[in-house]
Amino acid sequence: MWESDAAKAAEYATAKIAVWWDMKDCPIPEGYDAGRVRPSIEAAFKKLGYSGPVSITAYGDLIQTPNRLLRGLSSTGVAVAHTVSRCICSRMFTDMLEWRGQNPAPGSMMIISNQVAYVFSWDLIRLQQHTKYNIFVAYSVNSEYSSTLRTCKEWRWKRLLEEYYKQPDDTIIQYYKRSETGAMFHCKTCSFHSQSLEIFRKHLASKNHALEEIINPGYAQLASVTKKWGKNYAAKAEHAAAKIAVWWDMMDCPIPEGYDARQVRPSMEAAFKSLGYSGPVSITAYGDFKQTPDHLLRALSSTGVSVGHTVSEVIYKRMFSDFIEWRGNNPPPATMMVISNHVEEVLADDLAGLQQGSKYNIFLAYSYRPYKMSVLVTSAEWLLDSLLAVLEQTKHLLRKCSETGESSGIFNCTLCFCDLKSLDDFRKHLSSEEHAEEEGYIYDLIEDNLSERKLEIESKVFPKSKRLRKAFRSSS
Ligand SMILES: [Zn+2]
Ligand SMILES: [Zn+2]
């Protein structure tokens with residue numbers, strides 16, 4: 001769970017709150033009055049400073065649900081939606097999408113379900129990088145898989161319901177008086193709606209409904225909208241002249257064979273310009289440069305590409321801490337670009353987490369196409385080969401770029417955290433004793449962490465085998 005940074009913002013305090021509640025995952029506890037669900041939820045929100053109007057829809061297979069329970073919900077203004085069990089998540093998600101479409105932010109979304117991390121999170125994280133709402137979650141079983149979906153607050157469902165008992169009893173009577181109308185019974189399978197429980201019951205017992213449930217029960221899969229967000233978009237006005245910072249994993253995505261390193265910057269600039277981006281571009285290339293030929297480093301540096309020496313074991317850590325530092329110094333609007341084949345495995349979750357806080361425009365490039373769409377929302381992606389080929393198609397543009405790009409890039413050792421002005425100084429540093437010591441220290445640290453982790457796992461898997469642990473210690 002993330003800090004509730006936005007929760008305090010005044011605009012959210014009175015904004016709409018929409019609640020989607022999976023009654024199969026989070027049922028009403030035995031003996032609990034259904035009429036108390038809404039007041040409990042509202043009390044929980046009020047405690048956090050939210051007093052906007054709350055709409056609640058409860059989803060479930062309602063054929064067996066007692067009338068007393070449905071009446072308790074509807075009399076307190078909770079809409080009730082019948083759906084076959086396996087389609088609950090997709091029905092909820094479709095309604096969430098519709099709500100987001102009709103209710104521009106600010107607003108708060110609450111999901112009561114155990115499926116947030118497994119089923120909703122990928123799409124929701126992507127949606128949240130586009131348009132941010134406050135997200136609240138309640139669950140009865142905590143997911144072992146932690147999601148990078150930024151939430152303002154997560155509750156245990158039963159604990160949340162118990163909160164209400166602290167409230168005075170007369171509030172519930174007000175609800176019963178207030179909401180004679182408005183609440184609805186829906187059959188999601190047939191798109192049938194009624195305000196009367198009797199008519200709704202009749203519908204659920206009808207032959208038409210039974211047939212529809214067999215022929216056309218709905219899809220279990222979520223109707224993802226964000227999967228369509230996979231093309232290169234033209235620059236939005238606020239990004240057209242904004243800074244572009246490029247972090248390039250050269251270990252993973254080296255310069256293609258036969259390609260002149262001096263063309264890298266002008267090629268990228270041409271590719272950005274073709275989408276309408278003309279802001280200043282800074283590029284840092286990360287790699288183990290001990291064996292890299294001088295002419296290549298000189299070519300990069302002479303076109304203003306900075307070079308950051310690192311080792312493969314810590315390259316992504318260094319890149320990520322550089323992202324954080326850069327974001328701290330460069331508030332949006334600005335563009336971040338990552339060139340790497342391992343964004344999805346090592347960087348995407350953390351970056352998508354940050355993007356739900358402050359939003360930057362994101363570009364990606366890789367030397368081969370990823371096997372699935374990233375959780376990180378991007379506005380342009382390239383294969384490195386085709387990105388570098390842009391130059392060939394726009395040579396006249398390129399000459400102009402390279403003429404202006406005379407400023408030279410910095411040489412940096414990301415292991416020792418030092419900047420070096422010339423290639424000679426960089427070479428001297430990489431072969432120095434001081435650097436060798438630092439590199440050795442980093443490898444020791446990695447090894448120590450690994451042994452510690454092994455011990456930790458071992459003590460979990462073999463809790464009583466002290467002998468084994470001792471043996472492991474003495475061998476490491
Ligand atoms: Zn029906
Ligand atoms: Zn160093």
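Predicted model: local features only at pLDDT ≥ 70, side-chain atom pairs only at ≥ 80, totals over all residues.
User: Is Glu437 buried or exposed?

Analyst: A residue is buried if 20 or more other C-beta atoms lie within 10 Å of its own, exposed if 12 or fewer, and partly exposed in between, with C-beta atoms placed from the backbone. Glu437 has 11 C-beta neighbours inside 10 Å, so it counts as exposed.

User: How far apart are the C-alpha atoms of Glu437 and Cys416?

Analyst: Along the chain, these two are 21 residues apart.

User: Where is the kink in helix H5 centred?

Analyst: The bend at a residue is the angle between axes fitted to the seven residues ending there and the seven starting there. H5 covers residues 116-130, and its kink comes to about 40°. Trp122 is also one of the buried residues of H5. The kink is centred on Trp122.

User: Why is H5 described as largely enclosed by the rest of the structure?

Analyst: The buried residues of H5 pack against helix H4 (88-102), strand E4 (108-112), strand E5 (134-139) and helix H14 (343-355); contact here means C-beta atoms, placed from the backbone, within 7 Å. Among those buried residues are Val119, Phe120, Asp123 and Arg126. H5 is largely enclosed because its buried residues number eleven of the 15.

User: What is the angle between H13 and H14?

Analyst: Two packed helices are described by the angle between their axes and the distance between the axes. Axes are lines fitted to C-alpha atoms, for helices over the stretch in contact, and angles run from 0 to 180 degrees between N-to-C directions. For H13 (residues 315-329) and H14, the axes are 11 Å apart and the angle is about 15°. That makes H13 roughly parallel to H14 (under 35 degrees; over 145 would be roughly antiparallel, 65 to 115 roughly perpendicular and the rest oblique).

User: Which residues in H14 meet those in H13?

Analyst: The H13 side consists of Tyr316, Phe320, Phe323 and Arg327. Their partners in H14 are Val346, Leu347, Asp350, Leu351 and Leu354.

User: Which proline does a cis peptide bond join to Pro333?

Analyst: Pro333 lies in the loop between H13 and strand E12 (335-339). Omega is about 5° for this cis bond, and the partner is Pro332.

User: What is the phi of Ser191?

Analyst: Ser191 is found in the loop between strand E7 (185-187) and strand E8 (192-194). Ser191 is exposed, with 8 other C-beta atoms within 10 Å. Although Ser191 is not a glycine, its phi is positive, about 50°.

Key
Residues numbered from 1 in each chain as written. Chains lettered and ligands numbered in written order. Helix = DSSP H or I, 4+ residues; strand = E, 2+ residues; numbered from the N terminus. Contact = placed C-beta atoms within 7 Å.
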